[in-house]
Amino acid sequence: MPVFRIVRRTAAPATDAWLRLTDWERHGAQVPLTRTVIDTAGPTRAGTVFTARSGVGRVTVDDPMEVTLWRPPEEDRPGLVRLEKRGRVVLGWAEIEVRPRPAGGAEVHWREDLRLRGLPRFLDPVVAAVGRRVFGRALDRLLR
């Protein structure tokens, strides 16, 4: 099970970083060949469901996710959102934690268990490396 972690710091306050990182439609715009469809009426909360669809033409892979934990940051407490992947092909979970920094700004921790059904386990390190790169770039763009 390829679990990877990405850490970034931003000058943005934790509440602003949280809003940027939990705007699911913006996620799709940051990942190549992907768009996000929100399946649940807003606002986001535990139980919200959305799908990231990646691909070209008829060759696509859906990554349906459900928000299972929704705890926005507060002045003295980090925010944490957990997404459970509910697809037939893409499995696992993702957590995005936004921690206020004492000197201002925020620190973001993105942890993800990304599995592709049917892919041999010996390819886990490759999946983790690709995930770290793709989601790291998306995270950088979302925080701008």
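Where is the place of leucine 116? Leucine 116 sits in strand S7, residues 106–116; strands are DSSP runs of E with at least two residues, helices are H or I runs of at least four, and both are numbered from the N terminus.

The model is predicted: local features need pLDDT of at least 70, side-chain atom pairs count only at pLDDT 80 or more, and totals for chains, interfaces and linings use all residues. Residues are numbered from 1 along each chain as its sequence is written, and side-chain values use heavy atoms, without hydrogens and water.

Threonine 60 lies in strand S4. Beyond neighbours within four places in sequence, threonine 60 contacts Arg53, Ser54 and Gly55; contact means heavy atoms within 4.5 Å. Its C-alpha is 26 Å from that of arginine 20, 40 residues apart along the chain.

The largest nonpolar core holds 29 residues. Such a core joins buried Ala, Val, Leu, Ile, Met, Phe, Trp, Tyr and Cys residues through side-chain atoms within 4.5 Å. Leu21, Leu83, Ile96 and Val98 have the most contacts inside this core. H3 gives the largest share, six residues.

Valine 98 touches residues including Ala14, Ala17, Trp18 and Leu21. Those four are buried in H1. They share one side of H1, because they cover an arc of only 105° around the axis, taken from the directions from the helix axis to the C-beta atoms.

Conventions. Buried < 20%, exposed > 50% of the residue type's maximum accessible area, 1.4 Å probe, protein only.
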